[in-house]
Amino acid sequence: MNVVFNGETTQLNTPNLREFIVAKGAKEPFAVAVNGEFVPRSLCADTQLKAGDSIDLLSPIQGG
């Protein structure tokens, strides 16, 4: 089953959002949205993904 992760189609190996983003290398702090809706980190473990979902993972960057 495929999803779109940060704009690129990728294979979904687990339907669990937390497991998926950890497998993608997410390190806190980060923000995640599924289909344009913000998902609090406290709900990531309870959020199930399905084919065609769009997942956006954002990490803060430092700059001057």
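Visitor: Does D53 count as buried or exposed?
Guide: D53 counts as buried, because its relative accessibility is 4%; buried means under 20% relative accessible area, exposed over 50%, and partly exposed in between, with a 1.4 Å probe and protein chains only. Please note that this is a predicted model, in which local features need pLDDT of at least 70, side-chain atom pairs count only at pLDDT 80 or more, and totals for chains, interfaces and linings use all residues. Residues are numbered from 1 along each chain as its sequence is written, and side-chain values use heavy atoms, with hydrogens and water left out.

Visitor: Where does D53 lie?
Guide: D53 lies in the loop between helix 2 (41–44) and strand 5 (54–58). Helices (H or I, at least four residues) and strands (E, at least two) are DSSP runs, numbered from the N terminus.

Visitor: Which side chain makes a polar contact with the side chain of D53?
Guide: That of N35, at 2.9 Å. A polar contact is a pair of N or O atoms within 3.5 Å; within protein, one must be able to donate a hydrogen and the other to accept it, and residues adjacent in sequence count only if both atoms are side-chain atoms.

Visitor: Which residues is D53 in contact with, leaving aside neighbours within four places in sequence?
Guide: These are V3, V4, V34, N35 and Q48, where contact means heavy atoms within 4.5 Å.

Visitor: And D46, buried or exposed?
Guide: D46 counts as exposed, because its relative accessibility is 62%. D46 also lies in the loop between helix 2 and strand 5. The C-alpha atoms of D46 and R18 are separated by 8.0 Å, although the two residues are 28 apart along the chain.

Visitor: Let us change topic. In what order do the strands of the sheet come?
Guide: The five strands form an open sheet in the order 2-1-5-3-4, with mixed pairing. Strand 2 (8–11) and strand 4 (37–39) stand at the edges with a single partner strand each, so one side of each has no neighbour in the sheet. Two strands pair if DSSP finds at least two bridges between them.

Visitor: How many bridges join strand 3 to strand 4?
Guide: Three bridges join strand 3 (residues 31–34) to strand 4, and the two run antiparallel. Within this pairing, V32 has V39 in strand 4 as its bridge partner.

Visitor: What about strand 1 and strand 2, how many bridges there?
Guide: Strand 1 and strand 2 pair over four bridges, in the antiparallel sense. N2 has Q11 in strand 2 as its bridge partner. The hairpin of these strands has two residues between them, and N6 takes a positive phi near 50° there.

Visitor: Next, the rings. How many aromatic pairs are there?
Guide: The count comes to one aromatic pair. Rings of Phe, Tyr and Trp (its six-membered ring) pair if their centres lie within 6.5 Å; planes under 30 degrees apart count as stacked, over 60 as edge-to-face and the rest as tilted. The rings of F5 and F20 have centres 5.4 Å apart and planes at 85°, so the pair is edge-to-face. F5 lies in strand 1 (residues 2–5) and F20 in helix 1 (residues 17–23), so the pair ties together parts 15 residues apart in sequence.

Visitor: Are those two buried or exposed?
Guide: F5 is buried, with a relative accessible area of 13%, and F20 counts as buried at 3% relative accessibility.
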